[in-house]
Amino acid sequence: EYPGPSHYLRAAYQAGSVLQTNDFLRGDNQSGEPIDWFQSIRAELGWQTDGSKDWHHEYNFPSFGIGLYGADLNNEEEIGTPTSLYGFFSWPWKRTTNWKLNFELGFGFTNDWEPYDPVNNPKNTALGLGRSVHIEPGFNAEYRFARRWSVIGGLTATHFSNGGTQRPNHGLNVVGPILFVKYDVQDPVPTPEVRRDIAVEKDWDLALTGSIGKRNLDLNIEDPDIRAEYGNQSYEIVNFNAIAGYRFSYKQRLGVGVDFAWDGTVNDISKVNSLNAGEPLEDIDSSKYYEFAVVGGYEVFAHRTHLLVHFAYKLWSHDIEGRLPKFYQRLGVRQFVFRNWYAGLNVRFHEIGSADNLEWNVGYKVDL
């Protein structure tokens, strides 16, 4: 028999470094000072698994929850006071009676940035939008010093970006040590023995996913009279993919499939290239908006939450300068919300780090 999930509260303080990844952060801002230091606080509500499900044992009795985060980057006028709402997953790699070593991953959304503005905030090339995603991996050690109280010390890195939804978007990254105090709302129960006899049915499935997003471009227009028509515009990117997946362990899956996409940037990119070359303006054929690619991917999942990474290469697309590259990648999270139906969010990027656009998606998994 299992007692059911228990609950806990955590609060944390963190201070650390802002990574100097662009000129704005290095000091090319209105204050004239580098933005190289931050501090943050957070409050979290967590659920501790009890071993009643197979996936609890596969992840050594993990916990998960929701949190609120607020940060100060010592430049409120140009950066703002970012505030995040996020979910987190804590995976114990090693445990004893009083100690745990954990890997943690957080994913959520951040608001209250002061975004780039050509008049009021012209130096902020890190964040072009007042909202962003919040992605945070970390490691920590947890020590229980009383029946319901624990202290946790570790290191986290946090990435903030709007995924290319609004330019400029160089992003912002912070890293630093973190200290939590944790309180168990209910008396903790003894951790059961990890089961090693869980049967895994290795099988195939087909994931059918449709997504939509926006790509923001600030196209380089040499003619100042028409610069406003094509500069800093947003375009729809629509995608459908079919991925056949093979589940080879309780928490891992490999996939291979195809991507079909419609790229709304193509016509304006073609026009701007013609303008800059002194050629007449012409709308291109609508068939050239489409592209077709092959995809290989990997997923790791805990119960109904999946993290995925895709590598894709276009076999067919109209080749014009400035279009999304032929080789691209995708990193995302999906949540199964009802039976085989899921919803998710991906970041599509190229060169392993340059974001192109976000993909808001829904899909359905067919068991084969």
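I sorted the lining of the second largest cavity by residue type and found two nonpolar, three polar and five charged residues, where Ala, Val, Leu, Ile, Met, Phe, Trp, Tyr, Cys and Pro count as nonpolar, Asp, Glu, Lys and Arg as charged, and the others, Gly among them, as polar. Among the residues of this lining I noted Tyr-8, Arg-10, Glu-104 and Lys-182, and strand S5 (99-113) gives the most, with three residues.

I worked on a predicted model, in which local features need pLDDT of at least 70 and side-chain atom pairs count only at pLDDT 80 or more, while totals for chains, interfaces and linings use all residues. Residues are numbered from 1 along each chain as its sequence is written, and side-chain values use heavy atoms, with hydrogens and water left out.

I took a cavity as a set of points, on a 1 Å grid over the protein atoms alone, where a 1.4 Å probe fits but cannot get out, with lining residues having an atom within 4 Å of a point. The largest cavity holds about 110 Å³ of space, and of its 16 lining residues the closest to its centre are Arg-10, Arg-42, Glu-104, Glu-136 and Thr-156. Its lining divides into seven nonpolar, four polar and five charged residues.

I then looked at helix H4 (residues 266-276), which is largely enclosed by the rest of the structure because eight of its 11 residues are buried, that is, under 20% relative accessible area with a 1.4 Å probe, protein chains only. After H4 comes Gly-278, with a positive phi near 75°.

Technical notes. Buried means under 20% relative accessible area, exposed over 50%, partly exposed in between (1.4 Å probe, protein chains only). Helices (H or I, at least four residues) and strands (E, at least two) are DSSP runs, numbered from the N terminus. On a 1 Å grid over the protein atoms alone, a cavity is a set of points where a 1.4 Å probe fits but cannot get out, and a pocket is an open set with protein on both sides within 12 Å along at least five of seven lines; lining residues have an atom within 4 Å of a point. Grid points are joined across faces, edges and corners, and a volume is the space filled by probe spheres set on the points.
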